[in-house]
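Please keep the sequence and the model at hand while reading.

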Amino acid sequence: MTVEEFEEFYAHSVKHLVGQVYLMIGDLHEAQDVVQEAFVRAWARRSRLSRDAGPEAWIRTVAWRLAVSRWRRRGRAAEAWRRHGAPAPAGADSPDPATVALVGALRTLPERQRRVAVLFYVCDLSVQQVATETGIAEGTVKTHLSRARAALRPHFEEARGE
């Protein structure tokens, strides 16, 4: 991928990727940070990235892995703070109530179900593409989607006033 192609790719996809990762991890600022870090890493390997090979999937996967690493690091730091009596840092909220409600509902799902649901429903990936990106069998992806729908149904019925 040339410099111009990478710049075009970045301009076209950064907002979508931040939104997708935000829904997966539930923290807008964290999503922005990990997506930017993923793009920095992609820039270093842009000659090996190809538009045909799905660079968005590569960015999304790297951003997800960065977020997981940060969670682990934060968890260890929070445990150290608890041992020493200092308060843990507070998270940031998004100003959009509908997005906050969606993220809140998604947070009720186990991590794997949440990721699969976002990739399928928000990123509009096929079951096969979700399986490839997550390393989960297609049948397991379908199971996670079914369970996620069942778990989210009460949240959306409540939001509609049913």
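The model is predicted: local features need pLDDT of at least 70, side-chain atom pairs count only at pLDDT 80 or more, and totals for chains, interfaces and linings use all residues. Residues are numbered from 1 along each chain as its sequence is written, and side-chain values use heavy atoms, with hydrogens and water left out.

**Overall fold**

- The protein chain has 7 helices and 0 strands, where helices (H or I, at least four residues) and strands (E, at least two) are DSSP runs numbered from the N terminus.
- Along the sequence, the pattern of the protein chain reads α-α-α-α-α-α-α.
- The protein chain has 162 residues, of which 36% count as buried; buried means under 20% relative accessible area, exposed over 50%, and partly exposed in between (1.4 Å probe, protein chains only).
- Among contacts (heavy atoms within 4.5 Å) with a separation of 6 or more in the protein chain, 66% come from residues 24 or more positions apart.

**Helices α1 and α5**

- Helix α1 (residues 3–25) packs with helix α5 (residues 111–122) at an angle of about 150°, and their axes are 8 Å apart. Axes are lines fitted to C-alpha atoms, for helices over the stretch in contact, and angles run from 0 to 180 degrees between N-to-C directions.
- This angle makes α1 roughly antiparallel to α5, a term for angles over 145 degrees, while those under 35 count as roughly parallel, 65 to 115 as roughly perpendicular and the rest as oblique.
- On the α1 side, the contact is made by Gln20, Leu23 and Met24, and on the α5 side by Arg114, Arg115, Val118, Leu119 and Val122.

**Threonine 61**

- Threonine 61 is placed in helix α3 (residues 55–84) and is buried, with a relative accessible area of 12%.
- Its side chain reaches the backbone oxygen of alanine 57 at 2.9 Å.
- Not counting residues up to four places away in sequence, threonine 61 touches Arg115 and Glu133; Arg115 also belongs to the α5 side of the contact with α1.

**Alanine 131**

- Alanine 131 lies in helix α6 (residues 127–134) and is buried, with a relative accessible area of 9%.
- Leaving aside neighbours within four places in sequence, alanine 131 is in contact with Ile136, Ala137, Glu138 and Val141.
- Lysine 142 is 11 residues from alanine 131 along the chain, and their C-alpha atoms are separated by 9.4 Å.

Notes. Polar contact = N/O pair within 3.5 Å; in protein donor to acceptor, adjacent residues only side chain to side chain.
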